[in-house]
Every structure is written in structure tokens, then in C-alpha cells.
Amino acid sequence: MYQYDHYDRQVIKERVDQYRNQTQRFLAGEISEAEFLPLRLQNGLYVQRLAPMLRVAVPYGLYNTAQMRKLAAITRDYDKGYIHVSTRQNFQLNWPRLEDVPDILDELASVDMHAVQTSGNCIRNTTTDQYAGVAVDEIEDPRPWCELIRQWSTFHPEFALLPRKFKIAVCATEEDRAAFKFHDIGVELIHNDAGETAFNIHVGGGLGRTPVISQLIKPNLAWPHLITYLEAVLRVYNQLGRRDNKYKARIKILVKAMGAEAFAARVDQEWQFIKDNDNTLNIEAVDRVKAFFIPHDYQSVDDQVSNERLQSQRLESTAFNRWLDKNVQPHKQPGYAIVNLALKPTGIAPGDISDYQMEAIADLADRFSGGLLRNTHHQNIVLADVKKDDLFELWQCCESLAIATPNLGYLSDPICCPGGDYCALANAKSIPIAEAVQRQFDDLDYLYDLGPIDLNISGCMNACGHHHVGHIGILGVDKKGKEFYQISLGGNMSREASIGKILGPSFSSEEIPEVIQKILDVYVNKRTDEEPFIDTYRRLGIAPFKEYVYAG
Amino acid sequence: MLDNAALLIKDQQLSDNHWQLIDKEQVIDLSSVADSDHIILPFAHWQENQPMVLGKANIGLWLDSDESAEPLASVCHDVPLIAINFPVFSDGRGYSYARTLRDHFAYRGEIRAIGDVLPDQMYFYQRCGFNSFLLRSDVNPETAINCLNDFSLSYQAGSDQRTPIFHQR
Ligand code: SF4
């Protein structure tokens with residue numbers, strides 16, 4: 001992974017000093033609440049329903065075991081002994097004290113971590129595929145480009161007070177695991193006719209109140225220009241994006257209003273001015289970063305022998321067999337596999353893990369996966385470089401840590417925002433909804449028979465739980481002061497991106513498990529052989545679901 | 001709205017302000033402006049009287065956040081001072097206007113941040129090409145000057161002289 005040098009450390013150290021000073025001036029009354037707000041937000045500090053929430057940046061979801069152990073210690077020393085994996089691959093602390101935040105940042109800096117730009121109307125953490133570098137369908141490792149974007153966007157002087165938050169995702173695979181079409185900018189890595197790295201730049205995607213799929217505005221951008229082109233997009237947005245209404249302030253609204261073509265032309269005009277300036281990338285800069293992402297030190301393993309061994313281990317244990325089928329993914333290196341640690345046991349908020357689990361997971365990563373970890377936007381954790389020969393042992397460890405539920409991508413593995421239990425913006429709770437669904441649908445055979453279903457739950461329109469793009473989406477709404485839930489069907493976050501359609505009038509929390517059951521009944525009755533839920537939905541549309549759910 | 005009694009930091013120092021800001025509503029007879037008076041006209045007002053004010057060393061203009069720096073492409077070089085207003089500090093359009101003036105039009109005169117200008121934004125203002133700052137009179141000037149140097153290194157090129165870190169490595 002990327003290693004800080006003295007430049008990076010210097011920047012982060014100066015940030016901690018700056019923020020300590022700002023906090024002191026705020027506490028002394030020299031800075032007003034309103035003025036302090038963006039300062040703390042740009043440091044990831046929200047003031048929530050019950051306590052502040054601190055979001056720690058995990059650039060493109062990748063981190064090491066020293067960082068994990070430090071985070072575990074922080075949750076113990078400054079918080080309540082657990083942490084939350086967010087849907088944007090970051091970590092969130094739910095109970096820090098505002099006064100302690102400078103000290104927490106100091107601790108984070110000691111392991112090259114920070115909370116820079118994890119909130120506020122600025123460029124946020126750049127995200128990518130959780131399997132980057134090891135995926136079989138990858139064109140090229142996207143992480144060096146993510147890192148270059150991270151550096152450029154960190155403390156960018158011009159884009160600290162944009163009309164609204166700004167999210168960039170990079171995708172370098174056949175199957176899109178970064179949901180790049182739902183980002184303000186989706187950078188799609190391609191190889192051009194000459195075999196060189198280039199980018200298709202998609203702009204104006206997003207979820208929230210108005211979900212939109214992005215549009216391609218710049219095909220085949222040569223790699224040296226990545227940064228200057230992004231800067232041109234941002235400069236146009238910064239000047240022309242709406243600031244009168246926060247619900248209309250995202251770049252998607254601007255691109256829609258101008259039309260993608262006119263927007264692209266305006267960006268091009270801007271870009272001509274800055275195209276070859278100092279931000280232009282050169283091969284030295286790119287190679288330097290690429291060198292940090294050299295493949296893991298793989299041992300040569302006889303894949304066939306490993307597979308045979310796995311085969312006999314499968315026969316020994318059905319539970320292992322299931323886990324291997326569901327939570328382990330193919331790896332581009334023979335003899336290796338990608339393992340997902342499942343953070344959605346029933347009864348625990350999706351994505352939450354305790355300090356004890358964090359330390360144990362760090363030990364597992366050291367033992368089995370080169371000391372590196374990744375957070376996924378599905379709110380699980382990935383060990384990306386596990387030898388097939390180690391899988392059985394790793395599985396046993398995961399079992400004892402309650403992180404081996406073999407349900408990855410199934411209904412009981414929902415994406416779920418913190419919702420009304422924590423979040424001040426929520427209309428409704430989301431964690432108990434996830435739990436109710438998990439309790440109702442706990443029969444693995446039934447879940448497997450249903451096949452992969454993305455269930456995404458958000459506690460309000462801000463859509464942190466990405467409800468629009470769940471095959472089944474649940475959105476908390478407020479009806480005369482009461483918590484209700486709106487259901488949508490047919491969303492999809494992969495390459496065939498789509499936005500879910502609302503089923504009809506909303507439901508109370510008690511009704512949700514039954515409604516989901518009815519939706520599944522329609523699917524099971526109408527599906528053809530092997531047809532996944534999303535395909536049945538696309539074939540039939542929403543009508544039969546609607547009819548059955550609301551009948552009598 | 002425009003606070004003429006405010007504190008001026010210019011070129012990293014506390015300075016005397018001899019420029020007077022003119023409000024949009026203010027009516028001013030340009031023929032009565034003495035050479036010793038220094039005034040900053042609202043952009044619309046300045047534009048209406050361009051033939052008369054262009055090239056005058058004692059008449060500057062100010063842009064509001066919903067205006068644009070683009071119309072100044074060919075004329076800015078004959079304006080001694082361009083102020084950019086921040087009606088609220090969280091309205092970040094002015095940063096791009098300053099960069100447009102400095103980077104696209106190579107404007108060399110004074111660019112002044114006015115309005116809701118906060119010390120904690122000064123480092124960013126400066127990197128976008130502002131070189132003077134009109135702060136609220138209750139701001140501690142020492143804090144403000146310190147804020148100009150919050151960071152000693154920058155990852156990206158700006159309108160100042162800094163080289164991105166990646167070129168230094
Ligand atoms: S979707 Fe709404 S309730 Fe959920 S975390 Fe985001 S802002 Fe809070």
C-alpha cells in the first residue's frame with residue numbers, strides 16, 4: 001500500500017496542529033458555531049443526535065494492521081470500544097468528545113491516518129473496487145490513480161467550499177464494484193488502442209434526493225491529464241453549481257440543467273487554460289506511486305493440489321463449504337483467494353465491530369494476508385491475499401469471531417446507514433429494520449435459493465445506505481412525526497446501473513418483514529430457472545409486486 | 001453590509017487601508033472623485049463607466065459572488081485592485097474567480113478578499129491568488145497572519161509559487 005514519506009507526514013502534522021488551534025479558539029469563544037462548522041466537518045466531525053461522530057478516512061478502503069490496532073486502541077481510550085465501517089469504505093467513531101478530537105487526530109497521525117475531508121462540502125475520499133489489484137477482471141490496478149487523486153484533492157485551496165460534497169470513484173474492472181455511475185465523477189480506467197492507460201470521465205451521477213446515473217463527458221482522456229481535467233470539472237462546478245438550495249446543489253443538477261454536452265464544452269474551455277500546467281502528471285510521479293502497489297509477495301503454489309485439498313475440506317464441513325462458496329472470491333494469482341469477513345451478524349448494527357474483533361482481525365491479516373485490510377462499501381472487510389491452503393484455518397478463526405456468516409451478497413447482508421439510532425438527520429431508524437429482516441430471513445437454504453439480493457437501507461433521503469440502488473431499497477420517511485418506510489425495487493449498482501422504483505405507499509416498521517416476504521413470494525412464483533431477482537424484476541416490471549403487496 | 005472600518009492584511013502584514021468600498025446602492029458622482037481618493041466600485045457600476053474609470057490608479061472594482069471574472073479578461077490589467085466579495089464565507093465561488101484572474105488572465109494587481117472573510121480560510125485564499133484581506137475588526141490580526149501559513153507544503157499547484165509535492169519528490 002502507499003507509504004507516507006516526510007512530505008505526507010508533514011502535511012498531516014500541520015493539519016493536527018491547525019485543528020488543535022481551531023478547537024481551542026472555538027472553545028474559547030473566538031470562533032462561532034457557524035464558523036466552526038465547516039472547520040470541524042472538513043475534519044470529519046459531525047455533531048450527532050447523542051454525541052459527536054468522527055469519520056476517519058481510509059483512502060480507497062485500504063489500510064494496514066498497525067492502523068487497525070491503533071483504531072482499536074482509540075475506540076477503547078476515547079470511545080465505547082467499537083467502530084463502524086461506513087458505506088464509503090471509511091471508519092466512524094460514534095462517541096468521541098469534541099475536546100478530545102485533536103488528541104485522537106494526533107494518535108491517528110502516528111499511524112499515518114487522518115480525518116481530512118471526510119465530511120463537508122469538499123472533495124471526499126476517493127473510492128474504488130474492494131478487490132483492486134487482485135481481481136480477475138481488472139484492466140489495471142486503479143489504486144495508484146486513486147492515490148494521485150487523493151493527493152491532488154487534499155487541501156485543495158479552491159475546492160474547500162463547494163456548493164455541496166463531491167465524491168469521485170475509480171473503476172478498472174469489467175464488473176463495476178465501485179458504483180462509479182453513482183458518483184459526482186466516475187473515472188473509468190481503460191486501455192486505449194495503443195494499449196496505454198486512459199480514462200473515460202463520467203460526470204453527474206449520485207444518489208440522495210434525486211438519484212441520477214452519470215453521463216460520459218470525456219472519453220479516452222490520456223493519463224497525464226487526469227488531474228488537470230478533474231480540476232477543470234471542479235472549477236466549472238464551483239462557479240456554476242447552485243448554492244441557493246442544498247438539495248439542488250450537487251453537480252448532477254448542474255449537468256442536467258446545462259445538458260451534458262454544454263457542460264462538457266464548458267469544461268473543455270476551462271481545461272484548455274490549464275491543460276499542461278504544473279498539475280500535469282508525468283511518468284516519474286505515476287511510477288513512484290505505482291511502486292507502492294506492487295503485488296503481494298506470492299509463493300508459487302500448485303493450484304490444483306490446493307483445490308483438491310479444499311475439495312476434501314468441503315466434504316468435512318458443510319459450514320466451511322458454504323463459507324467458501326459465498327464469502328470467498330477468485331484471485332488472479334493461482335493458489336490464492338480473496339476472503340470477505342462478514343460484519344452483519346444478526347443483532348449487531350451492520351458494519352459495527354468491537355475493539356476485540358478489530359485486534360483479532362488485525363492478527364488474522366498479519367497471519368494470512370500480508371498485513372493488509374480493506375473496507376468494502378458493503379460494510380464488510382476483505383483479506384485480499386489469502387493462500388488457499390490457509391482458508392480452512394482462517395475460516396475456523398472467523399467462526400470463533402462471529403465474522404463468518406456465509407451470506408455475502410444475500411438478503412441478510414444488507415447495506416445499512418446508522419439511521420435514527422445515531423444520525424441527527426434521520427427520519428427513521430434503519431438498524432432495527434435490518435435486524436428485523438435478518439431475523440425473519442435466517443434460513444440460509446432459503447436465502448441461497450433466492451440468490452443474490454442487495455438490500456439497501458437508508459434512514460433518510462441523504463441515502464447513505466444507497467437505497468436507490470438496492471435490488472430492494474428501504475427508505476425511512478417521516479409521516480406526521482411517525483417513522484415509516486418506503487420500499488423501492490429494481491435498483492442496481494453494477495454496470496447495468498439502474499435506480500429503483502417506488503413500490504407505493506409506505507409501511508410501518510412492523511410491516512416490513514411481511515412486505516419483503518410478499519415481494520420474495522412474487523419473485524419465487526414468477527422466476528424462470530436460475531433467474532436472479534433483478535432479472536425477474538426487469539422482465540416483469542413493478543406491477544405484479546405492487547399488486548400482490550397491496551392486495552387486501 | 002461592507003465594513004470599511006475593518007482590518008486589512010496585505011502581503012502578509014497588517015496594513016493601512018486607503019481604499020474605500022462603494023456599496024451597490026451607493027450613488028457616486030465619478031467626476032467628483034479626487035486623485036487622492038481610492039475607491040472600489042461595484043462591478044456593474046464600474047462596467048457602466050468603463051471608458052472613464054479604466055486605467056485609473058485610484059479606481060478599483062469588486063465582484064460579487066454571483067458575478068464572473070470572465071468579462072475582465074482583456075481589461076483587468078488596467079485595474080489596480082480587484083476585490084472579490086464573500087457574502088457568506090461558505091460561498092466558495094470567489095476562490096475560482098481569483099484563480100481565473102491570476103492563472104488565465106495573468107492579472108498582477110491586488111486581489112482583495114472582502115465580506116465574510118475568516119482567518120481560517122486565509123491559507124486557501126492566498127493559494128488562489130488573493131494578496132489582501134479585509135477582515136472583521138474584531139479579528140485578532142496575529143491569528144489571521146498565522147493562518148496564512150497553516151501549511152508549509154502543498155500537494156497541488158495553485159496560483160502561488162508553490163510546486164506540487166509530487167514534483168519535489
Ligand atoms: S441516510 Fe440519513 S439517516 Fe442515514 S446516515 Fe445518512 S443522513 Fe443519517
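Visitor: How much area do chain B and chain A bury between them?
Guide: Keep in mind that this is a predicted model. Carbon and sulfur atoms hold 55% of the area the two chains bury. The total that chain B and chain A bury between them is about 3700 Å².

Visitor: How many salt bridges does the rule find across the interface of chain B and chain A?
Guide: Take Glu35(A) and Arg136(B): their side chains meet at 3.0 Å, N to O. The cut-off is 4 Å, so that pair counts as a salt bridge. Across the whole interface of chain B and chain A, the rule's tally is 7.

Visitor: Which element gives the most to the side of chain B that touches chain A?
Guide: Helix 3 (93-104), helix 4 (122-127), helix 5 (141-147) and helix 6 (165-168) of chain B each give two or more residues to that side. The top contributor gives 8 residues, and that's helix 3 of chain B.

Visitor: And on that side of chain B, how many residues are nonpolar?
Guide: In contact with chain A are 37 residues of chain B. Of the residues on that side, 12 are polar and 10 are charged. The nonpolar ones come to 15.

Visitor: What about the shell around the ligand: how many charged residues does it hold?
Guide: The residues surrounding the ligand include Cys417(A), Leu425(A), Ser458(A) and Asn462(A). The shell divides into 8 nonpolar and 4 polar residues. As for charged residues, the shell has none.

Conventions. Residues numbered from 1 in each chain as written. Chains lettered and ligands numbered in written order. Predicted model: local features only at pLDDT ≥ 70, side-chain atom pairs only at ≥ 80, totals over all residues. Heavy atoms only, no water. Contact = heavy atoms within 4.5 Å. Buried area = accessible area lost by both parts, 1.4 Å probe. Helix = DSSP H or I, 4+ residues; strand = E, 2+ residues; numbered from the N terminus. Nonpolar A, V, L, I, M, F, W, Y, C, P; charged D, E, K, R; others polar. Near = heavy atom within 4 Å.
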